[in-house]
Amino acid sequence: GDAGDGLRKIVLSENLSSRELVAHEAVLDAAAFRAGQPLEKVVVSPEPGSAEHTATLALLRGLPAPRRYNPGRTRYIQTDLRDDYLTCQLGASEVRHKDPATGQTHIYRSDVWYCDDLPFGVAQVNFSVRVPGASDRVADVVLKVTTVSRIGQPDRENK
């Protein structure tokens, strides 16, 4: 495989309040990710089958159930990683889910900004939740890459 097909540690920082920051760590198999394996096979730590593994899957998926992503258009995103924009391929998935505890139905959406220049290939993920038939969002979370071990340079010939 590719030299970039090893294991990757990611840390997701979640702001629960202005005073509370929680870090979630996971180890991902880059080769399994690139091969399109299910998330359950991509996340190798926390221990598969554990409650922490299940919670990590839910956090990374951003959806209450697995669902295939549909490819979208090319988009450009500005980050602190380099001076120019990263070229990304947008992918999106949406699932309608009824909460068994409350009986309420919500629509969960996840938008992923895939980027070949990053070691793990994802620059940003947007998660949103809304009530069917309404445009207002109940929840909206944006996770954006802030640091990487290395970054590819833009292909100047194709720009």
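Which residue in S6 does Ser93 stand opposite? Ser110 takes that place. The sections below start from the basis of the model and then return to this pair.

## Basis

This is a predicted model, in which local features need pLDDT of at least 70, side-chain atom pairs count only at pLDDT 80 or more, and totals for chains, interfaces and linings use all residues. Residues are numbered from 1 along each chain as its sequence is written, and side-chain values use heavy atoms, with hydrogens and water left out.

Helices (H or I, at least four residues) and strands (E, at least two) are DSSP runs, numbered from the N terminus. Two strands pair if DSSP finds at least two bridges between them.

## The open sheet

An open sheet is built from 5 strands, ordered S4-S5-S6-S7-S8. The pairing is antiparallel. Strand S4 (70-77) and strand S8 (137-144) are the edges. Each has a single partner strand, so one side of each lacks a neighbour in the sheet. On average, neighbouring strands are turned by 20° against each other, direction ignored. Axes here are lines fitted to C-alpha atoms, for helices over the stretch in contact; angles run from 0 to 180 degrees between N-to-C directions.

Strand S5 (residues 86-98) and strand S6 (residues 105-114) run antiparallel and are joined by 10 bridges. Leu90 has Trp113 in S6 as its bridge partner. S5 and S6 make a hairpin, with 6 residues between them. In the turn, Gly103 has a positive phi of about 80°. On to strand S7 (residues 122-130): S6 pairs with S7 over 8 bridges, again in the antiparallel sense.

## Ser93

Ser93 lies in strand S5. Its relative accessibility is 2%, so Ser93 counts as buried. The cut-offs are under 20% relative accessible area for buried, over 50% for exposed, and partly exposed in between (1.4 Å probe, protein chains only).

A polar atom of the Ser93 side chain lies 3.1 Å from the backbone oxygen of Arg68. Contact means heavy atoms within 4.5 Å. Leaving aside neighbours within four places in sequence, Ser93 is in contact with Leu63, Arg67, Arg68, Tyr69, Tyr108, Arg109 and Ser110.

## Helix H3

Helix H3 spans residues 51-61, and His53, Thr56, Leu57 and Arg61 in this helix are buried. Down the axis of H3, the buried residues fall within an arc of 125°, so they line one face of the helix. That arc is taken from the directions from the helix axis to the C-beta atoms. The face turned away from the buried side carries the exposed residues Ala51 and Glu52.

The buried residues of H3 pack against strand S2 (21-29), helix H2 (39-42), strand S3 (43-45), S6 and S7. Just after H3, Gly62 takes a positive phi of about 70°.

Cys88 is in no disulfide, and the nearest cysteine sulfur, that of Cys115, is 4.5 Å away. Cys88 is buried, with a relative accessible area of 2%. Cys115 also counts as buried, at 2% relative accessibility.

Definitions and conventions. Polar contact = N/O pair within 3.5 Å; in protein donor to acceptor, adjacent residues only side chain to side chain. Disulfide = S-S within 2.5 Å.
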